[in-house]
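Subject: Structure for your files

Hello,

Here is the structure I said I would pass on. My notes on it follow below.

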Amino acid sequence: MGYYEWKTDPTTKKKTPFYIHNPDDAILAFAGLYSWWKDPSKADDDPTLWTLTAAILTSSAVDELLHIHDRNPVPLPRDWWDDWLNPALIGDQHFVDAAVQASLPVAAVLNVVEVTPLPSKGDGPTLTAAA
């Protein structure tokens with residue numbers, strides 16, 4: 001399993017898709033954050049009062065991915081998964097910074113494959129096949 005990133009040609013603005021994944025196709029886990037927030041414009045009895053927001057963490061791209069984009073997601077090493085998902089652990093900036101540092105070796109060994117642009121209504125295994 002992996003993710004897509006698009007490289008934009010600075011002159012033509014043409015976007016080229018890349019499929020980025022583990023060399024052994026193992027699952028990637030990305031660092032993310034979520035938060036529930038109360039919409040102050042809604043009544044307390046409104047069933048849509050609370051909204052869940054989520055974000056995936058990114059960092060400056062590792063050298064191996066810099067030719068595609070200047071940032072990449074933060075792929076957590078397997079030994080970080082339990083701590084990252086532990087609801088009892090109170091994370092702080094030090095914890096986030098350590099996760100980013102731990103992710104660098106993971107990001108550095110990901111396979112990068114240029115793929116055919118996604119068809120407008122397409123789906124299936126051809127989306128990860130080399131162009």
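This is a predicted model: local features need pLDDT of at least 70, side-chain atom pairs count only at pLDDT 80 or more; totals for chains, interfaces and linings use all residues.

Trp 50 has a relative accessibility of 49%, so it counts as partly exposed; the cut-off for exposed is over 50%.

As for charged pairs, searching the whole structure turns up one salt bridge. In a salt bridge, the side chain of Lys 38 meets that of Asp 44, with 3.4 Å from N to O. Are the two partners buried or exposed? Lys 38 is partly exposed because its relative accessibility is 42%. Asp 44, at 62%, counts as exposed.

Turning to the interior, nonpolar side chains tend to be buried together in soluble globular proteins. The largest nonpolar core here has 13 residues, and those touching the most other members are Ala 31, Leu 57, Val 74, Leu 76, Trp 80, Trp 84 and Ala 99. Two or more residues of this core come from each of helix H1 (81-85) and helix H2 (93-108). H2 gives the largest share, five residues. Ala 99 is in contact with Val 74, Leu 76, Trp 80 and Trp 84, leaving aside neighbours within four places in sequence. There is also a second, separate core of ten residues, among them Phe 18, Ile 20, Leu 65 and Ile 68.

Asn 22 sits in the loop between strand S2 (15-21) and strand S3 (32-38). Its relative accessibility is 12%, so Asn 22 counts as buried, the cut-off being under 20%. What does the side chain of Asn 22 reach? It comes to 3.2 Å from the backbone oxygen of Ala 26. Not counting residues up to four places away in sequence, Asn 22 touches Met 1, Ile 27, Leu 28, Leu 110 and Asn 111.

That is what I have for now.

Regards

Technical notes
Residues are numbered from 1 along each chain as its sequence is written. Side-chain values use heavy atoms; hydrogens and water are left out. Helices (H or I, at least four residues) and strands (E, at least two) are DSSP runs, numbered from the N terminus. Buried means under 20% relative accessible area, exposed over 50%, partly exposed in between (1.4 Å probe, protein chains only). A polar contact is a pair of N or O atoms within 3.5 Å; within protein, one must be able to donate a hydrogen and the other to accept it, and residues adjacent in sequence count only if both atoms are side-chain atoms. Contact means heavy atoms within 4.5 Å. A nonpolar core is a set of buried Ala, Val, Leu, Ile, Met, Phe, Trp, Tyr and Cys residues joined through side-chain atoms within 4.5 Å. A salt bridge is a side-chain nitrogen of Lys or Arg within 4 Å of a carboxyl oxygen of Asp or Glu.
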